Amino acid sequence: MKKILYILDTFETGGAEKSLLDIAIQNKAAVSYFITIYKGNQLAELAEKNGIQVFQLNNTEKYGFSKAVQQIIPLINEIQPDIIHSTLFRADIIARRLKKHFSIPLISSLVNNSYISERYEKLSVLGKLKLYGIQKYDAFTAKQVDLFISNSQTIKKSNAKHLHLHPDKIKVIFRGRDFNKFQNIEQNRISQLKKELGLTEEDQVLVNVSRLLERKGQLDFLAAFKELVPKNPQLKVVIAGEGGYRKTLENAIAAYQLQDKVQLLGNRNDIPVLLSLAAVFVFPTHYEGLPGALIEAMMAKKIIVCSDIAENKECVTNEEAVFFKKGDVADLENKLELVLSNLADYNKLAQNAQKVAFDTFSIESIVNQYNQTYESLMHTN
């Protein structure tokens, strides 16, 4: 049985980390191992409960790449993996440096639109120079990678351009989710969560699941929500996720006097139950990889209002979701008001979204595609 070694920055509950763990848990054709470089291992317990060994280095030096390489070398000698699969920038750089020591096939995931103009535009001059240097280093070291797996066509196109990669070196495999987790949620779990969050039967809940980052658009969401509250007193917002933008969002909630209307829940391990509370799933992100949270909302058969970015449109069309113009608070407000005025009219979109999710993003199909890719790379190296 083949051995796959995943190298990650951390094992926190980000989309890339959750996706790879789901694949490893469901993949009965391989033995999976994880190495996490830095502190932050929320998902490690779940991995180990499923018989997956996790090596936690818990490094604190942000760019201590040489140290990490020396730590990982004996672990690779112990594991003897058939494939090394790295994800996110620092883990990618470390894995590429390991190629000097091992001839094991190396796969790198492309999960972010890291070098698009919008990101550069928001940075200071020094920030622009720093990101440009990272981009050049990323492109230079990418030569060490045998194959890239992109989680969307949009990300493939963007990274091929910015990292000077030949498109044939990039394979697109969507993120997958376990469809069963989002079906037949027990009523007592729903009631218990409502009680925990202080929600009543009359409340209409808008749910967002995403890391707390500027690019995720939660500030747009709050600005639109502020305008809806006077006309919809039963509206509530819950946002699941954590990140460096928390303080900014907390300040906005206070400034808009929404403290009794909005809850920032932090990272959660009960997303299927949380989604079951949603009248509408709101996803205002400015750019993505492939949005795993959106796929989960599709599987949960939720009415979706999302930004009109290309990454979202790889998951849903106008037959499955309501789009608003990215970053346009007034358009988001209008679309939410339209949907909330008659939710029953939009249930068909939710049903369509669930069918697309089942057909396109089921974890079984994604695992098969990963295994085929691993086997092919093993036999060509």
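Helices (H or I, at least four residues) and strands (E, at least two) are DSSP runs, numbered from the N terminus. In those terms, Asn 58 lies in strand β3. This is a predicted model, in which local features need pLDDT of at least 70 and side-chain atom pairs count only at pLDDT 80 or more, while totals for chains, interfaces and linings use all residues. Residues are numbered from 1 along each chain as its sequence is written, and side-chain values use heavy atoms, with hydrogens and water left out.

**The seven-stranded sheet**

- An open sheet is formed by 7 strands with parallel pairing, in the order β3-β2-β1-β4-β5-β6-β7; two strands pair if DSSP finds at least two bridges between them.
- The edges are taken by β3 (53-59) and β7 (170-172), each with a single partner strand, so one side of each has no neighbour in the sheet.
- On average, neighbouring strands of this sheet are turned by 20 degrees against each other, direction ignored; axes are lines fitted to C-alpha atoms, for helices over the stretch in contact, and angles run from 0 to 180 degrees between N-to-C directions.
- Over 5 bridges, β3 pairs in the parallel sense with strand β2 (residues 30-38), and Ile 35 has Phe 55 in β3 as its bridge partner.

**Helices across the sheet**

- Helix α1 (residues 15-26) lies across β1 (2-8), β2 and β4 (83-87), and runs at about 165 degrees to β1; contact means heavy atoms within 4.5 Å.
- Helix α3 (residues 65-79) lies across β1, β2, β3 and β4, at about 160 degrees to β3.

**Strand β8 and its partners**

- Of the 6 residues of strand β8 (residues 204-209), 5 are buried, so the strand is largely enclosed by the rest of the structure; buried means under 20% relative accessible area, exposed over 50%, and partly exposed in between (1.4 Å probe, protein chains only).
- Strand β9 (residues 235-240) pairs with β8 in the parallel sense over 6 bridges, and Gln 204 stands opposite Leu 235 in β9.
- A right-handed β-α-β unit is made by β8, helix α9 (residues 218-228) and β9; a crossover is right-handed if, with the strands pointing away from the viewer, the path from the first strand over the helix to the second runs clockwise.
- Strand β11 (residues 278-283) runs parallel to β8 and is joined to it by 3 bridges, with Val 207 opposite Phe 281 in β11.

**Positive phi values**

- Asn 58 has a phi near 55 degrees, a positive value in a residue other than glycine, and is partly exposed, with a relative accessible area of 34%.
- Lys 301, in the loop between α12 (292-299) and β12 (304-307), has a phi near 60 degrees, a positive value in a residue other than glycine; at 41% relative accessibility, Lys 301 counts as partly exposed.
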